[in-house]
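Work through each task on the structure before reading its solution.

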Amino acid sequence: MPTFREILTAGDTELARMFYRVKTTSTADFRKAIDHAAAQLGLNHTQLVCALGFNPAIRELTDILSLIGFSSYKLLTYRRNELFATDAYHQLDIDNVIDIYTTDSADAELLETLRELLPRRLANIENELSESEEAATMISYKMEVHALYSGAIATPAFAAARIATPIAGLRQRIGEVQMIVAGAYLAPTRLFVMDTLMPEEKRYLVEAGYVDAALVAARLANADISEDERQMLEDYA
């Protein structure tokens with residue numbers, strides 16, 4: 001049976017060969033049609049939709065689209081986007097997600113789609129973590145965010161939006177500021193003056209040598225900084 005990655009990266013000829021023996025079903029319910037095909041391939045519903053949906057070769061393969069219950073590529077993309085944006089490593093494991101990121105960065109249309117879906121996807125994962133900080137989910141989340149910054153998915157605008165999002169505790173736990181700095185998405189000096197950065201994140205910037213004493217002094221002169229930040233910065237004044 002083909003793996004998730006093999007379906008995701010296959011060309012049109014390979015896809016045709018993979019789906020040649022998949023039996024159709026008479027159901028009019030596209031969800032059941034997807035489940036029927038996925039079971040024959042050893043995948044779950046979400047894996048099949050995302051592996052095909054994020055493979056650019058599927059766009060013109062109407063026979064395979066019909067086989068899994070879609071009358072057009074556009075309808076497949078609607079289902080793909082919904083599943084990808086809402087799954088928090090339940091049906092798509094972290095390896096599947098990273099495969100998507102590393103494969104689709106070369107396709108302009110799919111890259112744009114991923115960037116559009118990311119805020120909603122990450123917010124859903126973060127909401128789940130806020131309710132139950134399951135260790136496996138936290139590890140997968142850190143791996144996913146790292147993959148975004150180390151590949152071709154993240155942008156400076158994405159990094160700035162992440163800093164502005166009220167997820168400081170999670171951001172600090174996974175070392176996201178370190179990822180942003182390592183990828184040169186935002187200058188450390190710009191990060192340092194952002195009010196939404198936690199004092200401990202700013203401590204990292206100072207201790208890593210990205211911020212000099214003059215900038216620390218200038219920040220301390222700002223009467224509007226939090227008391228926690230002020231106390232931290234006084235250690236370096």
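**Exercise 1.** In this predicted model, find how the axes of α8 and helix α9 (residues 135-150) cross, and which residues make the contact.

*Solution.* 
1. The two axes come within 10 Å and cross at roughly 155 degrees.
2. Angles over 145 degrees count as roughly antiparallel, so α8 and α9 are roughly antiparallel to each other.
3. The crossing in which α8 passes α9 is left-handed.
4. From α8, the contact takes L118, R121, L122, I125, E126 and L129; from α9, T137, M138, Y141, E144 and L148.
5. Sorted by class, these residues of the contact of α8 with α9 are seven nonpolar, one polar and three charged.

**Exercise 2.** Describe how helix α6 (residues 73-86) and α8 cross, and list the residues that meet.

*Solution.* 
1. The axes of α6 and α8 cross at roughly 35 degrees and come within 7 Å.
2. α6 passes α8 in a right-handed crossing.
3. On the α6 side are Y73, R80, N81, E82, F84, A85 and T86.
4. They meet E109, L110, T113, L114, L117, R120, R121 and N124 in α8.
5. The contact of α6 with α8 divides into six nonpolar, four polar and five charged residues.

**Exercise 3.** Determine the angle at which helix α3 (residues 30-41) and helix α4 (residues 45-53) pack, and classify their orientation.

*Solution.* 
1. The packing angle is about 90 degrees, and the axes are 8 Å apart.
2. The range 65 to 115 degrees counts as roughly perpendicular, so α3 is roughly perpendicular to α4.
3. R31, I34, D35, A37, A38 and L41 of α3 meet H45, L48 and V49 of α4.
4. By class, the contact of α3 with α4 has six nonpolar, one polar and two charged residues.

**Exercise 4.** Which residues line the largest pocket, and which helices supply at least two residues each of the lining?

*Solution.* 
1. The largest pocket holds about 210 Å³ of space.
2. Its lining consists of R115, L118, P119, L122, A123, E126, I153, T155, F158, A161, R162 and T165.
3. At least two residues each come from α8 (108-131) and α10 (156-164).
4. The largest share, six residues, is from α8.
5. The lining divides into seven nonpolar, two polar and three charged residues.

How values were computed: Residues are numbered from 1 along each chain as its sequence is written. This is a predicted model: local features need pLDDT of at least 70, side-chain atom pairs count only at pLDDT 80 or more; totals for chains, interfaces and linings use all residues. Side-chain values use heavy atoms; hydrogens and water are left out. Axes are lines fitted to C-alpha atoms, for helices over the stretch in contact, and angles run from 0 to 180 degrees between N-to-C directions. Helices (H or I, at least four residues) and strands (E, at least two) are DSSP runs, numbered from the N terminus. Angles under 35 degrees count as roughly parallel, over 145 as roughly antiparallel, 65 to 115 as roughly perpendicular and the rest as oblique. Contact means heavy atoms within 4.5 Å. Ala, Val, Leu, Ile, Met, Phe, Trp, Tyr, Cys and Pro count as nonpolar, Asp, Glu, Lys and Arg as charged, and the others, Gly among them, as polar. On a 1 Å grid over the protein atoms alone, a cavity is a set of points where a 1.4 Å probe fits but cannot get out, and a pocket is an open set with protein on both sides within 12 Å along at least five of seven lines; lining residues have an atom within 4 Å of a point. Grid points are joined across faces, edges and corners, and a volume is the space filled by probe spheres set on the points. A crossing is left-handed if the near helix is turned anticlockwise from the far one by less than a right angle, and right-handed if clockwise.
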